[in-house]
Amino acid sequence: TIQNSLEPLWNHTMDFIVFDYDQIVTFDVWDEDSGTMDADDDLGTCSVTIRELLMAPNNRTLTMPLLNANDDTDTEAQITVKCDLLPLSTQKLQVPQKTPQNQLSGIIAILVTQAFNIPLPKEKACTFVKINIGTQEFLTGVVKDGPSYDSINPLYDCVFHVPLHSSKPDITMTLIQDTDTVLGSTTIKFDDLQETPTIEGRRDVGEAQLECSVRLTTPEVNVETPYDTSSLRPTITAAAKTQSSSSALQTTREAVIETRKIRLTAVKGTGFSVRKRMFKKDDIPDVYLNLQVGTQKWKTSVIPNSTTPQWNESKMVESTDNKNVISVEAYD
């Protein structure tokens, strides 16, 4: 709170996770009153999208009028806000011991893909995964037997993004039957994640296995001065400023494109034919897929004797080029 001022200067910073350039940021401005019977006064509100902030001139600085929250009339007051887009990196950076209030030291992305070999009859299997990271808890959906669902090899396919401040929490994933029967668990140490920022693959959870991926990203900044971002801000030249907003936004997208991953899921196939053979048993195909993105290749499991194979298998692949082609080949 800036007291007794008609032109308050905050210089207050807060970090957010951005999933969509059309996310809306809303600012509500209040007059703080100290009396026990005197409620704070609403001075106005304004909203802006991440896209509009990034496209603002003067180094992404935007002055906005405050509107009356009741009828959207102009209050004649204004606020000025500034936005920086911090690219994330998976380099072996040390998470700072202490970060300023409301500022992030990193983000942990947890992908829980699938479990395998649940040690229960398929009609009884009803499982989900609980993720504990520090004091926070996350749950996947529950998968049980049914049409197009495999309760013995359940596909959860859930992603959780967890912001980090000063803590360095371990990540524990617990496979649970019904509501409280623990089938097994696995823990990823934060120190291991800091040494190897992406840990993925199948992990033993009791008698079953769990396919998951955990990724630590941190702002691409110097460890000693983690929020001096002047050298990281994507620069739009004077010539670029005369281009359309979509062209300028592309410059911003390119600044973070190296942090992107693609999750490919091979779901099912149809239309495969049975080959008739004289004097031999008909050949029902044993289908598998070969997938490729850039130089990264992935082969699914083989589904034997099926013209409608179902894989429900996922794989995370990295992409540094929006023009990469996804190639899918089916083999018998």
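D41 counts as partly exposed because its relative accessibility is 34%, where partly exposed lies between buried (under 20% relative accessible area) and exposed (over 50%), computed with a 1.4 Å probe and protein chains only. The place of D41 is in strand β2; helices (H or I, at least four residues) and strands (E, at least two) are DSSP runs, numbered from the N terminus. The model is predicted, so local features need pLDDT of at least 70 and side-chain atom pairs count only at pLDDT 80 or more, while totals for chains, interfaces and linings use all residues. Residues are numbered from 1 along each chain as its sequence is written, and side-chain values use heavy atoms, with hydrogens and water left out.

D41 belongs to a patch of negative charge on the surface, together with D28, D31, E32, D38, D40 and D42. Such a patch is made of residues with over 30% relative accessible area and no salt bridge, with like charges joined within 9 Å; for nonpolar side chains (Val, Leu, Ile, Met, Phe, Trp, Tyr) the limit is 5 Å. Asp and Glu count as negative and Lys and Arg as positive, while His and the chain ends are not counted. The place of a charge is taken as CG of Asp, CD of Glu, NZ of Lys or CZ of Arg. Strands β1 (24-31) and β2 (41-49) are the elements that give two or more residues to the negative patch.

Now to the charge pairs. Side chains of opposite charge can pair when their charged atoms come close. A salt bridge is a side-chain nitrogen of Lys or Arg within 4 Å of a carboxyl oxygen of Asp or Glu, and the whole structure has 4 salt bridges.

One of them joins D22 to R51, with the closest N and O atoms 3.0 Å apart. D22 lies in the segment before β1 and R51 in helix α1 (residues 50-54), so the pair ties together parts that are 29 residues apart in sequence. D22 is partly exposed, at 43% relative accessibility, and R51 is partly exposed as well, at 28%.

Another salt bridge is formed by D170 and K189, at 3.5 Å from N to O. D170 sits in the loop between β10 (155-164) and β11 (171-177), and K189 in the loop between β12 (181-188) and α3 (190-195); the two are 19 residues apart. D170 has a relative accessible area of 30%, and K189 has 44%.

D332 forms a salt bridge with R275, where the closest N and O atoms are 3.7 Å apart. D332 lies in the segment after β19 (326-331) and R275 in the loop between β15 (261-268) and β16 (288-293), so parts 57 residues apart in sequence are tied together. R275, D283 and D332 are linked in a network of salt bridges. Neighbours within four places aside, D332 is in contact with R275, D283, P285 and D286, contact meaning heavy atoms within 4.5 Å.

What is the burial state of T113? At 3% relative accessibility, T113 counts as buried. T113 is found in strand β6 (residues 106-116). Beyond four places in sequence, T113 touches P154, L155, Y156, D157, E211, C212 and S314.

For the whole protein, there are 5 helices and 19 strands. Buried residues make up 36% of its 332 residues. Of the contacts with a separation of 6 or more, 60% are between residues 24 or more positions apart.

Key:
Accessible areas come from the Shrake-Rupley method with a 1.4 Å probe; for residues, only the protein chains shown count as cover.
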